[in-house]
Amino acid sequence: MSYRIVYDLAAVRIPAETLRPHVADSSFYADQYLLMELGGDNNVYEGRGSLRARSWSLIGAGQSWEIMREVVQYAASCEGGGMRFSGASETQAETYIRKCRTVLRDAVGAQALLDRGMTCTGHFALRKGSVSAWLQKRVDELSTIKAPERTGETPVWSWLNLLRDPKDAAIFLAYSNLDDAPVYNRATVYGPCHERHSIMKGLTPLAECAA
């Protein structure tokens with residue numbers, strides 16, 4: 001039976017004060033986070049070698065409690081052996097939740113992960129279906145901040161550099177829920193995949209900023 005192996009986790013804290021100048025979003029009264037996970041299937045290998053394939057994904061974006069709400073849902077995959085940490089024969093859901101909470105607590109500044117070769121690019125499109133007045137208002141708000149690219153009749157926003165550009169991060173955090181795709185499908189993450197130690201090892205957590 002195939003299962004997902006989690007090799008590493010990393011988290012970035014983005015101070016609310018760096019986001020507020022770019023987007024007037026009510027959620028920016030508190031610092032925001034990006035939670036990233038390095039994982040892969042146990043039965044997928046790179047080329048013809050014996051090295052398991054793995055890649056980074058963005059698995060949470062927003063305030064810490066919003067991310068933990070998502071983490072609890074992911075943790076259900078641990079039941080029955082569908083997900084486990086590297087080197088473990090099994091991982092309890094509570095263990096996965098606790099690890100994610102610890103990584104968020106120790107979140108670092110974006111530059112710290114950029115210095116270690118990590119990138120995170122956001123992209124999203126307006127969800128399909130009828131557009132309510134509220135949804136159209138959000139689209140109009142966003143379009144004044146950043147003009148969309150269009151694919152047919154669907155507005156698309158892409159190439160948002162979430163680690164380097166606070167404005168791009170603010171746009172993604174405030175508006176990417178216009179797209180109803182899961183957050184891991186709204187971003188592309190690149191980083192070291194076969195390091196001996198966690199990418200956050202030795203890094204100093206970014207202190208929480210006062211609102």
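**Sheet, helices and one exposed tryptophan**

Trp159 lies in strand E7 (residues 154–161); strands (E, at least two residues) and helices (H or I, at least four) are DSSP runs, numbered from the N terminus. This is a predicted model: local features need pLDDT of at least 70, side-chain atom pairs count only at pLDDT 80 or more, and totals for chains, interfaces and linings use all residues. Residues are numbered from 1 along each chain as its sequence is written, and side-chain values use heavy atoms, with hydrogens and water left out.

Q: Is Trp159 buried or exposed?
A: Buried means under 20% relative accessible area, exposed over 50%, partly exposed in between (1.4 Å probe, protein chains only). Trp159 has 71% relative accessibility, so Trp159 counts as exposed.

Q: How is H5 oriented relative to H6?
A: The axes of H5 (residues 133–145) and H6 (residues 166–175) come within 12 Å and cross at roughly 175°. Axes are lines fitted to C-alpha atoms, for helices over the stretch in contact, and angles run from 0 to 180 degrees between N-to-C directions. Angles under 35 degrees count as roughly parallel, over 145 as roughly antiparallel, 65 to 115 as roughly perpendicular and the rest as oblique. That makes H5 and H6 roughly antiparallel.

Q: Which residue in E3 stands opposite Met36?
A: Strand E2 (residues 32–41) and E3 run antiparallel, joined by seven bridges. Two strands pair if DSSP finds at least two bridges between them. Opposite Met36 stands Leu58.
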